[in-house]
Amino acid sequence: MKFETKAIRIQSDRSQHREHSTPIHPTSSFVFESAEQMQDVFSGKENGNIYSRFTNPSVEEFQTKLAALEGVESCMATATGMAAVFTSLMAFLKKGDHIIASRAIFGSSFQVISQTLPEYGITCTFVDPRKMETWNDAVNQNSKMLFLESPSNPGLELIDLEKASVFAKTHNLLLNIDNCFATPYLQEPAKWGADIITHSATKFIDGQGRVMGGAILGKKEIVEKAYLFVRRTGPSLSPFNAWVLSKSLETLAVRMDRHCSNALALAKWLEKNDKVKKVNYPFLASHPQYEIAQKQMSQGGGIVTFEIDGGLEDGVNFLNSLKMLSLTANLGDSRSIASHPASTTHLRVPEEDRLKLGITNSLIRISTGLEHIDDIIEDIDQALS
Ligand SMILES: Cc1ncc(COP(=O)(O)O)c(C=O)c1O
């Protein structure tokens, strides 16, 4: 089956009511016919659900479908994207280990790797994603993992996943990729050799700003480790959120096509606007890593960033002048969203460090929604004016 068909036709068994849509199983635990059956399921002699922190049929449907779409053997769902990122680190690293990570990663991932992991005796070195030739210097005898994000949030920096995979294999590192911005519809990291793939399902996978969720994907033995970590520590996905996300996957392809066509049209329009200094979008020929985007992504994604020809105040004024676009912390929603990283998400990051991430004072991030492109452009045009 093709991507779109798998996203719609992979579903759990119907109940006795023969519902056409997918059933939902909001239950904390599952009952047994007898004490003997309970013992058999607990001991693993018989397959079956015990408790929804461990497994749940609604969660299982979401996991099975997402694994098929990502082209991997297995998936473990989590309560949020950060629970997936944290699990993808803690389930595979231990005291004394060292991790190499791109410096261009989502803020909370950066904080977990730079601040939380060292508290547990796991050290880290950050590398420039655009200078792979310098990565060798970061490797030491305790290095166990390479953690990357491509495209990155919010800088839209890319990493050649094929070359990163060769590097990881050469140094015996687990390759861990956050595939949140691309989704499996635009980019399949496993095809290039990623061992662990994480998602914030809160973003494009839900796509309508309703629920939080996350996932860790890879080969069976990788996901089994993540499963044990989640089962013990508790950040499992709720059955309701799993049901919402499973339904969301049915429309992922059509939504992503529209997100991408709107984002590309917006990026091209912004490039021609004289109030705009710079536009950043992976499928613009002017993107410094356009060739990498063409090689490993089928479209450029839903996020566009641009710099207003001005300073911090102009960025804030721009946001205040928008009439339709939402000012909110999410992205990947059907509603277009504008944000100004320098005065919000990256307010506490020193300016020098912000600039290294490409976050200038007038940088605006647009999560291009599914509204008509003319209306999106009209709002941005009047706000720029
Ligand atoms: C690239 C990336 N990874 C992970 C996360 C964390 O996801 P969540 O907010 O669902 O915990 C985000 C959230 O914005 C993100 O953008």
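Colleague: Over how many bridges do strand β4 (residues 143–149) and strand β5 (residues 174–178) pair in the parallel sense?

Modeller: This is a predicted model, in which local features need pLDDT of at least 70, side-chain atom pairs count only at pLDDT 80 or more, and totals for chains, interfaces and linings use all residues. Residues are numbered from 1 along each chain as its sequence is written. Strands are DSSP runs of E with at least two residues, helices are H or I runs of at least four, both numbered from the N terminus. Pairing takes at least two DSSP bridges, and β4 with β5 has five.

Colleague: Thanks! What angle does the direction of helix α6 make with that of β5?

Modeller: In β5, Asp178 is the bridge partner of Glu149. Helix α6 (residues 161–170) packs on the sheet and touches both β4 and β5 (contact: backbone-placed C-beta atoms within 7 Å). Angles run from 0 to 180 degrees between N-to-C directions, with axes fitted to C-alpha atoms, for helices over the stretch in contact; here the value is about 150°.

Colleague: Which strands stand at the edges of the sheet?

Modeller: Seven strands make an open, mixed sheet, ordered β1-β7-β6-β5-β4-β2-β3. Each edge strand has a single partner, so one of its sides is left without a neighbour in the sheet; these strands are β1 (74–78) and β3 (123–127).

Colleague: And which helix gives the most to the shell around the ligand?

Modeller: Thr80, Gly81, Met82, Ser200 and Thr202 come nearest among the 16 residues around the ligand (backbone-placed C-beta within 6 Å). α4 and α5 (107–119) each supply at least two shell residues. With three residues, the top contributor is α4.

Key. Contact = placed C-beta atoms within 7 Å.
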